[in-house]
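Could you have a look at this one with me?

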Amino acid sequence: MKTRARFLIKGIVQGVGFRPFIYNLARSHKLNGWVLNSTDGVYIEAEGEKEVLGDFTQQIQRKAPPLASIDSVDVEYLPLENYRDFVIKPSSGDKDKYIKISPDVCTCKDCLSELFDPKDRRYRYPFLNCTNCGPRFTIIQDIPYDRPKTTMRDFKMCPDCQAEYEDPVNRRFHAQPNACPVCGPSVKLFDLKGPVKCDEPIMKAVKLLKEGNVIAVKGLGGFHLACDPENDEAVKLMRERKHRTHKPFAIMAKDLDTVKSYCLVTEEEKELLQSYRRPIVLLEKLPQCNISSLVAPNNNYLGVMLPYTPLHYLLLDDQLSALVMTSGNISEEPLAVDNQEALDRLSGLADYFLLHNRDIYMRCDDSVAKVERNQAVMIRRSRGYAPYPVDLDFSMKQILACGPELKNTFCLTKDNHAFISHHIGDLQNEEAFSYYRNAVQHYKNMFRIHPEAIAYDLHPDYLSTKYALSHEDIKLIGIQHHHAHIASCMAENGIKEKVIGVSCDGTGYGSDGKIWGCEFMTADFADFQRHAHLKYIHLPGGDKAAKEPYRMALSYLYQAFGQDFDKIDTPLLHRLEDKKIDLIKQIIQKDINSPMTSSCGRLFDAVSSLIGIRDAITYEAQAAIELEMIASPDVSQSYIYNIENADDCFNINVSGMIREIIHDLNQNLSKGMISAKFHNTLANFITETCKFIGQNWNNESDKVVLSGGTFQNRYLTNKLYNQLKKQGFKVYTQKRVPTNDGGISLGQAVIANQQLS
Ligand code: ZN
Ligand code: ZN
Ligand code: FE
């Protein structure tokens, strides 16, 4: 018997080739009716025999396009309308409704085979794309997502492209960035003087890279600086010009086999590398590989990604197996995106510029991820992920959470969506700050969000805080940094009840005005209560101490040995000039520019310097990272510590550990052993403190939530995870959202939401 079925399909079903898929599927089932994009999702009406409709329904789920993700399919049976054919109806919109906007998607298999097919009209065309792949977020200026609202607006499609665009069965039906060599963008090579005359700019660029040049390459979300990672001289040159002494560079490898010649790759890592989101994945380096040791010095891991645009595939075609691909900027400034901007700002960095004339509307850095305990873990959630929201288990009021200062992201919420922005970066200069303000505005427009409250970090000097406080006539909600870390982890794990929260990181402004960073609390979204922390210690020189770990080493020696600490026999004190030691001693004694801190990051710094790993750093967290890298595996010993009762809040005193480390150094115990024992000590005192809090304050819950930059440390986190499990705790860590400050904005949003209700 014939009937009419009406479907409403929700999920990621727009801008992913879903309507052509439905059109073809309906045709092949000889069903009549229509398909329509609306702000609720995709509506379909189809008429036919019941069994045929049943098969159609199953195939919608089974054969959906690769980028589609179906949350729900609702079906309703209605009287026949007697449709005569199957059509795609024009979209219906509502100006306050919004759709999920796709992130940029790596080149798909079909496009890739066209790219290398000499008979195809897009043979070696660096901008080919289709409904299943190509730029999205970075070229969209407004919604609905149509060509006139993208930076493809100025390219008028040629008749061939136009025909594909209008043909419902074509892979390029309504592919907004559709282009070909006749009508689309093109690349040009420049040197410092101007355009370089050549027929094949990409081949020429490959040759120049092979010769050791540094080239600025315009990509999807900004410029990369590229050079040959197998060429020591080229990498060295790039380091010198970028003033980046040690911080690891990411590489882009030609294909999976090439990656495997550099690194160990597990099944999960392979999947992550090959996902359409194409993040940089941190992989364990093989002891022998062709990559220059200057790419990631003193690091056991290498950040690797696979090509994600046609241009990348062409660059990595025959002669180059990999490229260093690092952000085209000077230190932590925003990425360069415009051609002229790149020529101006990157002229001291690059020898050549591979430019193109498709504008980047929104810059977007590469994402960084790793696999932990067989699951993907985000370190930087950006290209390929943003602006897809992180979906929560509960509905949110409309809120803007401004995020932290370093590794900034902001977050806007609506319904059950948390639109966490792409990586904005460090808000420490006017350029970054104006980029930030523009991006906030852009997200508000795209997702039609009108915040009723603004959440911000308590640190009065953060530019994100100043931005929040510049608003009038709107509710402003200040949120403690580590509470936000814990709430972020709770939210992504769908936990609402009170938990034991452990937040370890470098710096966060405390409710008492001190610098927090190793915090134990019971918390829910409404509030938190701090029960324990690392014992306060002087941070000699304030911010300077984070850059010069020896300062914290001296401060810990002072705490452990008293004011005559400078008389003890340990390599650090022999290494440092007396006047440096005296200065630190004096500023601690006189309490000059030496605020109190319970920072976990600074404890890593102290130990790293004490054992001679690093006294001064050239990038954030370097001393801690290098300390982790040398830790010997399978060590069970640890050091002593004390948990002391002080004014309602327990203090973890590690003076005993510092004294034992000095002893181990004098006994010539290896640095790897000392590092392992140090990590084990941390895991021990965190576990013991959690047990203690569980017994005294939180009988109802057995959940421990871990968040903060310190938990990027694999050695510590894995050890701690297992120990807590053994004690019967359920342990939650961050995965979809970074555990570092990139995840703060989500926590701020959910806490603010709680305060509004
Ligand atoms: Zn494609
Ligand atoms: Zn064309
Ligand atoms: Fe933090």
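Here are a few points on the metal site, the cores and one lysine.

1. Before anything else: this is a predicted model, where local features need pLDDT of at least 70, side-chain atom pairs count only at pLDDT 80 or more, and totals for chains, interfaces and linings use all residues. Residues are numbered from 1 along each chain as its sequence is written, ligands from 1 in the order in which they are written, and side-chain values use heavy atoms, with hydrogens and water left out.

2. Start with the iron ion (ligand 3): H481 (NE2), H485 (NE2), D505 (OD) and D741 (OD) coordinate it at 2.1 to 2.3 Å. Donors here are N, O and S atoms within 2.8 Å of the metal (3.2 Å for Na, K and Ca), and with water not among the atoms, sites may look incomplete. Along the sequence, the spacing of these donor residues reads H-x3-H-x19-D-x235-D. H481 sits in helix α13 (residues 481-492) and D505 in strand β20 (residues 499-509), 24 residues apart. Both H481 and D505 are buried, meaning under 20% relative accessible area with a 1.4 Å probe, protein chains only.

3. Now the largest nonpolar core, with 67 residues; F18, I22 and L315 are among those with the most contacts inside it. Such a core is a set of buried Ala, Val, Leu, Ile, Met, Phe, Trp, Tyr and Cys residues joined through side-chain atoms within 4.5 Å. Helix α1 (residues 18-28) gives the most to this core, 6 residues.

4. Last, K677 in helix α21 (residues 671-696): this lysine is buried, at 11% relative accessible area.

Conventions: Helices (H or I, at least four residues) and strands (E, at least two) are DSSP runs, numbered from the N terminus. Buried means under 20% relative accessible area, exposed over 50%, partly exposed in between (1.4 Å probe, protein chains only).
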